[in-house]
Amino acid sequence: MDGFDFNSSEKAEESELQRMIAIEQQKAQFQAQVHNFTDVCWDKCVDSPGSKLDSRTETCLVSCVERFIDTTLSITNRFTQMVQKGAH
């Protein structure tokens, strides 16, 4: 019986470790996404950095990030639909 308890405890620890790894992977993916749209939108919108953003640059950055997020969500939703259709 002790072996069973140990095995159950070991499985619980493994499950918790897998959950923690998944969370860290999600964090890394999020950070990579932020880094990616920062690079893209900075290159697209900022001509020459100054001490403050002018209104045109700020508007461009906001629009760029919003388009980037909308596009990413759209692609993610499409892949989810494809996976769900494939599972049926």
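## A buried cysteine to start with

Let us begin with C41, which counts as buried because its relative accessibility is 1%, below the 20% cut-off for that class. Please keep in mind that this is a predicted model.

C41 has a partner: together with C64 it forms a disulfide, and the two sulfur atoms are 2.0 Å apart. The torsion about their S-S bond is about -85 degrees, so this disulfide is left-handed. The pair links distant parts of the chain, with C41 in helix α1 (residues 2-45) and C64 in helix α2 (residues 55-87), 23 residues apart. C64 also counts as buried, at 5% relative accessibility.

How many disulfides does the structure hold? There are two, and C45 and C60 form one of them, again with sulfur atoms 2.0 Å apart. The link of C45 and C60 is left-handed, with -70 degrees about the S-S bond. C45 lies in helix α1 and C60 in helix α2, so this pair ties together parts that are 15 residues apart in sequence.

Are C45 and C60 buried or exposed? Both are buried. If you count the bonded cysteines along the chain, the disulfides follow the pattern 1-4, 2-3. As a reminder, a disulfide is a covalent bond between the sulfur atoms of two cysteines.

## The chain as a whole

Now step back and look at the whole protein chain, which has two helices and zero strands. Its radius of gyration is 22 Å, well over the 12 Å that the globule rule gives for 88 residues, so the chain is more spread out than a compact globule. The C-alpha trace spans about 70 × 40 × 15 Å along its principal axes.

## Salt bridges within helix α1

The structure also holds three salt bridges. One of them joins R19 and E16, whose closest N and O atoms are 2.7 Å apart. Both residues lie in helix α1, three residues apart, which is about one turn of the helix. R19 counts as partly exposed at 44% relative accessibility, and E16 counts as partly exposed at 34%.

Another salt bridge pairs K27 with E24, and here the closest N and O atoms are 3.3 Å apart. Because K27 and E24 are three residues apart in helix α1, about one helical turn separates them. K27 is partly exposed, with a relative accessible area of 45%, and E24 is partly exposed at 46%.

## One more salt bridge, and the charges

Which residue meets R56 in a salt bridge? The partner is D47, and the N to O distance is 2.9 Å. R56 is partly exposed, with a relative accessible area of 44%. D47 counts as exposed because its relative accessibility is 66%, over the 50% cut-off.

Finally, consider the charges of the protein chain, 9 positive and 14 negative.

Terms used:
Residues numbered from 1 in each chain as written. Predicted model: local features only at pLDDT ≥ 70, side-chain atom pairs only at ≥ 80, totals over all residues. Heavy atoms only, no water. Disulfide = S-S within 2.5 Å. Helix = DSSP H or I, 4+ residues; strand = E, 2+ residues; numbered from the N terminus. Buried < 20%, exposed > 50% of the residue type's maximum accessible area, 1.4 Å probe, protein only. Salt bridge = Lys/Arg side-chain N within 4 Å of Asp/Glu carboxyl O. Rg over C-alpha atoms; globule rule 2.2 N^0.38 Å. Lys, Arg positive; Asp, Glu negative; His and termini not counted. Charge placed at Lys NZ, Arg CZ, Asp CG, Glu CD.
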